[in-house]
Amino acid sequence: MRTAVISDIHSNLEALTATLDHIDTQNVDRIICLGDILGYGPSPVECVDLVSQRCEWSLMGNHDFGVVYEPTNFNLAAEQAAYWSREQFESPAGNNEVAKHWEYLSQLRVRVSFRDFLCVHGTPRRPINEYLFPEDALNSPVKMQQIFELVDKFCLVGHTHVPGVFTDEPDFYPPDDLDGVYKLRETEKAIINPGSVGQPRDLDPRASYVIIDGDCVRFFRLEYDIDAVVAKIRSVPQLLDWLGERLYEGR
Ligand code: ZN
């Protein structure tokens, strides 16, 4: 069973399309999404449309929650983007497509288990909003211990937009340190972050995702048409220009 894991699309249709096109060449059995389909980017409806069609399921991320319910602890740019995204789903009565997408969003779960994996957007203890940062492996032993206590074996998280693997040493390994592949071990708990499709923050602007095949977790990076997304962001006054500029830098 080969599973592609995507996360943090953030309404970036160009990155999502490039990622799905690549996944289509990889002979996967299913695609799952760890949340944040929405937020920041210019194509919310199109991204929900694709995720709802192509993914077996998606989790609810903090930005999806922010659009559907209320944006909590968002900076101004993110909050403005959330309200603008919400408006895109408010269509004239009778548009079943858009109503269906809104329904899909409001039913997203915050925690799903598959195989030996617990899947959450943030962390197992605060599934929507808590960040698990690479530096926590070094600086926050109590946080790491408490989070790993909630993980039986393996866990998938998104939210930070930084790909890599946390082990219960605790340690953090970016994909480059692993030559792009991590082998799951019976004797070691691991929390895997596939990185972000639509807004990477590890100073590599390429879209990021993983494929899990048996005990093998493989990280992928993909170029996509950033210019096209940035042009769309610039054309929407409610989306601040720097939301586009950061895509070039991957931060
Ligand atoms: Zn995100």
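Colleague: Which residues of helix α2 are buried?

Modeller: This is a predicted model. In α2, which spans residues 44-54, the buried ones are Pro 44, Val 45, Cys 47, Val 48 and Val 51.

Colleague: What puts them on the same side of α2?

Modeller: Around the axis they cover an arc of only 160°, so they lie on the same side of α2.

Colleague: What covers the buried residues of α2?

Modeller: The cover includes the helices α1 (13-23), α4 (76-88) and α5 (96-106), along with the strands β2 (30-33) and β3 (57-58).

Colleague: Why does Ser 43 count as buried?

Modeller: Buried means under 20% relative accessible area. Ser 43 has 1% relative accessibility, so Ser 43 counts as buried. Ser 43 sits in the loop between β2 and α2. Leaving aside residues up to four places away in sequence, Ser 43 touches Ser 11, Leu 13 and Lys 232.

Colleague: What joins the side chains of Ser 43 and Lys 232?

Modeller: A polar contact of 3.5 Å. The cut-off for such a pair of N or O atoms is within 3.5 Å.

Colleague: Which residues coordinate the zinc ion?

Modeller: Asp 8 (OD), His 10 (NE2), Asp 36 (OD) and His 161 (NE2) do, at 2.0 to 2.5 Å. Donors are counted within 2.8 Å of the metal. Asp 8 and His 10 are both buried.

Colleague: What makes the arrangement around the zinc ion irregular?

Modeller: Four donors count as tetrahedral if all angles lie between 85 and 135 degrees. Here the four donor atoms subtend angles of 89 to 174°, and therefore the arrangement is irregular.

Note on methods. Residues numbered from 1 in each chain as written. Predicted model: local features only at pLDDT ≥ 70, side-chain atom pairs only at ≥ 80, totals over all residues. Heavy atoms only, no water. Donors = N, O, S within 2.8 Å, 3.2 Å for Na, K, Ca; no water. Tetrahedral: all angles 85-135°; square planar, octahedral: opposite > 155°, others 65-115°. Buried < 20%, exposed > 50% of the residue type's maximum accessible area, 1.4 Å probe, protein only. Helix = DSSP H or I, 4+ residues; strand = E, 2+ residues; numbered from the N terminus. Arc of directions from axis to C-beta. Contact = heavy atoms within 4.5 Å. Polar contact = N/O pair within 3.5 Å; in protein donor to acceptor, adjacent residues only side chain to side chain.
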